[in-house]
Amino acid sequence: MKQNKVNVTRQYAKEKLGDDRSGHDFYHVDRVAKIAKKLAEQEGLKDTVIIEAASYLHDVIDDKVVENVAVEKENLQKFLKEQNFSVEEICEIFEIIENISFSKELEEGKADLTLSGKIVQDADRIDALGAIGILRTAYYGGHTQSPLYDPNIAPQTFKTKQAYREKSTVINHFYEKLFKLPATMNTQAGEKEAQERLIFMKEFLKKFYDEWNLS
């Protein structure tokens, strides 16, 4: 019964995110679910239904991905009820997916999440790091028609979601968000994985600057 809930939720996410071209596609949430399940096991949690469900669903109501957030929230509420998620489970899933984003944290500070929420947040941020994170950053930069790099544009420190969403450069995004993520990890296992991926990204940037400055 529990595994069936996860399976149908996974399929729902696949249908909703299958056409995404911003780096928030089904394969992203599928990776997040796998990372989150692994973190949950390391934290000693055996029941991972809420964690996996929230991982699969965290982008189906994201305004970066969907045109009408209110409609998609209604659709998700209806779907979860039809799959016999309890009122408490639905509330927890929404509490997680509405409060784990980096942009919201800029304005409101770090959310007071349950352990399940903390694990999903860590997993989502881990997928923004490492080799996958580098490619997703470049891919999203192309999606938003952002410059790859401009040495005359310095990285910024954002305090609002609106400012954060304005175009910068792909390389600046490493400094404006990605390199800050390891310090925001909630779990020891998440922090360890994030730090390992951070090392790889910093090595990549060294090579990038070497090639950029060759002339």
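A pocket is an open set of grid points, over the protein atoms alone, with protein on both sides within 12 Å along at least five of seven lines, and its lining residues have an atom within 4 Å of a point. In this predicted model, the second largest pocket is lined by Ile35, Lys38, Leu39, Gln42, Ile126, Ala189, Lys192, Glu193, Glu196 and Arg197. Its volume is about 160 Å³. Two elements, helix H2 (26–42) and helix H11 (188–212), each give two or more residues to this lining; H11 gives the most, with five residues. By class, the lining of the second largest pocket comprises five charged, four nonpolar and one polar residue.

The largest pocket has a volume of about 990 Å³. Its lining is made up of 46 residues, and those nearest the centre of the pocket are His24, Lys64, Tyr164, Arg165 and Lys177. Among the elements that give two or more residues to the lining of the largest pocket are helix H4 (69–82), helix H6 (102–108) and helix H7 (115–126); helix H8 (130–143), helix H9 (161–165) and helix H10 (170–176) also belong to that group. The lining of the largest pocket divides into 18 charged, 16 polar and 12 nonpolar residues.

The description now turns to helix packing. Two packed helices are described by the angle between their axes and by the distance between those axes. Helix H2, one of the contributors to the second largest pocket, has an axis that comes within 8 Å of the axis of H3, and the two cross at roughly 155°. Angles over 145 degrees count as roughly antiparallel, and H2 is therefore roughly antiparallel to H3. The crossing of H2 and H3 is right-handed. On the H2 side of the contact lie Phe26, Val29, Asp30, Val32, Ala33, Ala36, Lys37 and Ala40, which meet Ile51, Glu52, Ser55 and Tyr56 in H3. The residues of this contact divide into eight nonpolar, three charged and one polar.

Helix H3 (residues 49–57) also packs with H7: their axes come within 9 Å and cross at roughly 40°. Because of this angle, H3 is oblique to H7. H3 and H7 make a right-handed crossing. Here Ile51, Ala54 and Ser55 in H3 meet Ser116, Ile119 and Val120 in H7. Four nonpolar and two polar residues make up the contact of H3 with H7, with no charged residue.

Notes
Residues are numbered from 1 along each chain as its sequence is written. This is a predicted model: local features need pLDDT of at least 70, side-chain atom pairs count only at pLDDT 80 or more; totals for chains, interfaces and linings use all residues. Side-chain values use heavy atoms; hydrogens and water are left out. On a 1 Å grid over the protein atoms alone, a cavity is a set of points where a 1.4 Å probe fits but cannot get out, and a pocket is an open set with protein on both sides within 12 Å along at least five of seven lines; lining residues have an atom within 4 Å of a point. Grid points are joined across faces, edges and corners, and a volume is the space filled by probe spheres set on the points. Helices (H or I, at least four residues) and strands (E, at least two) are DSSP runs, numbered from the N terminus. Ala, Val, Leu, Ile, Met, Phe, Trp, Tyr, Cys and Pro count as nonpolar, Asp, Glu, Lys and Arg as charged, and the others, Gly among them, as polar. Axes are lines fitted to C-alpha atoms, for helices over the stretch in contact, and angles run from 0 to 180 degrees between N-to-C directions. Angles under 35 degrees count as roughly parallel, over 145 as roughly antiparallel, 65 to 115 as roughly perpendicular and the rest as oblique. A crossing is left-handed if the near helix is turned anticlockwise from the far one by less than a right angle, and right-handed if clockwise. Contact means heavy atoms within 4.5 Å.
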